[in-house]
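Let's take a walk through this structure together. Keep the picture open as you read.

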Amino acid sequence: MSFASLPFVGLVAAGVILYYLVPKKLQWVVLLLASMVFYLAGGVKSAVWLVLVAAVTWLSGLLLARQNARPAPDKQTKAAVRHVKKRICAVCAVLCFGLLYLMKYWNFTASALPSALGDKLPRWDFVVPMGLSYFIFQAVGYVIDVYRDKTDAQKNPLRYGLFVSFFPQMVQGPISRYDQLAPQLTAERSLDWRDLKFGIQLCLWGYLKKLVIADRAVGMIHTVAGAYTDYAGTYVLLAAIVYALQLYADFSGGIDISRGVAQMFGITMGENFRRPYFSRTLTEYWHRWHISLGDWLRNYLFYPLSISKAFLNWGRHARQHLGSHIGKVLPTAVASLITFLIIGIWHGASWKYVAFG
C-alpha cells in the first residue's frame, strides 16, 4: 500500500478516528489492527515472514531475560550466563539475517560466483516482503538491547508484534529503538489537537517533497541518463544535481509522512534527515543522512567491532609491526569499512552498491 494512495489515506483517517473513540486500554489494539491491514494489503505471503521474524526475536528476548534474571554470585556463573546469552543472540541473528540474505542477496551471490559453481546453485523467486530490512534491523536491535540488559523483554507477543510492525515506518523507516518507541505505542492518550495539526502538516510537507518535487524530477533525470551522450556536459551535471535533490526529496518526504502519521496518534518518531546537504564535513553528513540506520550500525556493529577483543589484539599486533600510528587507526578503519560496505549493500544487491559502500 503506497503512501500516495487513497487506501492509505483512508486507513490513516479511519485509524485515527477509531483510536480516539475506543477505550484507552484498547488504543494499542487499534494500532496493531491498522498495521496488520496495511501489511496484509501487500499479500498474505509477505505477512508470514513478518510474523516469523517477530516470533523468533520475541522468543529470543524471553530467553535472554531469563538468563539476565539468573543469580550469578561468582565469575564462573557469570561466564556461563554470558556464554548462553551469546549463543541465543547468535542463533537469532543467523535466523533473521539469514532470511534477509536469502531474500535479497542469494541470487546476486550465485550470479557473482564463477559459472562452474554459480550455475549449479538454485535461484530463489521469493517476492521480497515490504520493509524486510527495516523490521529485521529493528527487531534484532531489540534482542541486542535485551542481551545487554538495557531493556526489559516484552512478555506480551501482540504488544511486541506492534513494535515490529507499526505501519507508518514499514516502507522507509525510521528504524526505531525499543525503549524509544514501544512505550509510546502502548500509552493511553486523549485527543490533542496539536498532535493532529502537526502530524497533518508533516504529512503535507512530505507529499509536497514526494509528489511535487521528486516525482516531477524523475522524468528529466531518466531522459538525460538514458541518452547522456546526446547532451552537453552542463546538462549532465544539472541532471546529477537534480538527481541528488530528487533522492533527498523522495526519501525525506516519505519519512515526513511516516512521522506525520505517527504524530496524529500522539507518537513521536525520531528524525531521519537533518538538512544533510548543509553539512560542512563528510562525518557531519553521515550523522545527518539516514540517521536511524547510522545510529543502528554505530551502536550494534561499529562500536562492538572496534572494541572487540579480536580487533584490540589485532591493533596491538599491528602497532608492533607497522608502527604506533597505523596500529592505532587500523582497527577503527577496518570497522568503518565493514560498516560502510553494509550501508552500501543495504540499498540493493548488485556490484554498484558494493562499490558505493
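What follows is a short tour, from helices and aromatic rings to salt bridges and the surface.

A quick word on the ground rules. This is a predicted model, so to speak of a local feature calls for a pLDDT of at least 70 and side-chain atom pairs count only at pLDDT 80 or more, while totals for chains, interfaces and linings use all residues. Residues are numbered from 1 along each chain as its sequence is written, and side-chain values use heavy atoms, with hydrogens and water left out.

Let's start with Pro7, which has its place in helix H1 (residues 6-21). Helices here are DSSP runs of H or I with at least four residues, numbered from the N terminus. Pro7 counts as exposed, because its relative accessibility is 53%; the scale calls a residue buried under 20% relative accessible area, exposed over 50% and partly exposed in between, using a 1.4 Å probe and protein chains only. Follow the chain for 34 residues and you get to Ala41, whose C-alpha atom is separated from that of Pro7 by 9.7 Å.

Next stop: Ser35, in helix H2 (residues 27-40). Is Ser35 buried or exposed? With 1% relative accessibility, Ser35 counts as buried. Its side chain reaches the backbone oxygen of Leu31 at 2.8 Å. That is a polar contact, meaning a pair of N or O atoms within 3.5 Å; within protein, one must be able to donate a hydrogen and the other to accept it, and residues adjacent in sequence count only if both atoms are side-chain atoms. If you skip neighbours within four places in sequence, Ser35 is in contact with Leu162, Ser165, Phe166 and Phe167, where contact means heavy atoms within 4.5 Å.

Two of those names bring us to the aromatic rings. A pair of aromatic rings is described by the distance of the centres and the angle of the planes. In this model, rings of Phe, Tyr and Trp (its six-membered ring) pair if their centres lie within 6.5 Å; planes under 30 degrees apart are stacked, over 60 edge-to-face, and the rest tilted. How many aromatic pairs does that rule give? The count comes to 33. Take Tyr39 and Phe135: their ring centres are 6.3 Å apart and their planes sit at 75 degrees, so the pair is edge-to-face. Tyr39 lies in helix H2 and Phe135 in helix H7 (residues 132-147), so this pair ties together parts that are 96 residues apart in sequence. Both partners are buried, Tyr39 at 2% relative accessibility and Phe135 at 1%. Phe166 and Phe167 make another edge-to-face pair, with 6.0 Å from centre to centre and 70 degrees between the planes. Phe166 and Phe167 are buried too. Ring pairs also link a whole cluster, made of Phe3, Phe8, Tyr19, Tyr20, Phe38, Phe166, Phe167 and Phe265.

On to the charged side chains. A salt bridge is a side-chain nitrogen of Lys or Arg within 4 Å of a carboxyl oxygen of Asp or Glu, and the count comes to eight. One of them joins Arg194 and Asp192 at 3.1 Å, N to O. Arg194 is exposed at 63% relative accessibility, whereas Asp192 is partly exposed at 23%. Arg298 and Asp295 meet in another salt bridge, at 2.3 Å from N to O. These two are three residues apart in helix H13 (residues 291-306), so about one helical turn separates them. Asp295 is partly exposed, with a relative accessible area of 30%. Salt bridges that share partners also join Arg280, Glu284 and Arg288 into one network. Within it, the closest N and O atoms of Glu284 and Arg280 are 3.4 Å apart, and Arg280 is exposed at 73%.

Leu211 is partly exposed, at 32%, while Ala214 is buried at 0%. Leaving out residues up to four places away in sequence, Ala214 touches Lys209, Gln246, Ala249 and Asp250. Ser252 is 38 residues from Ala214 in sequence, and their C-alpha atoms are 10 Å apart in space.
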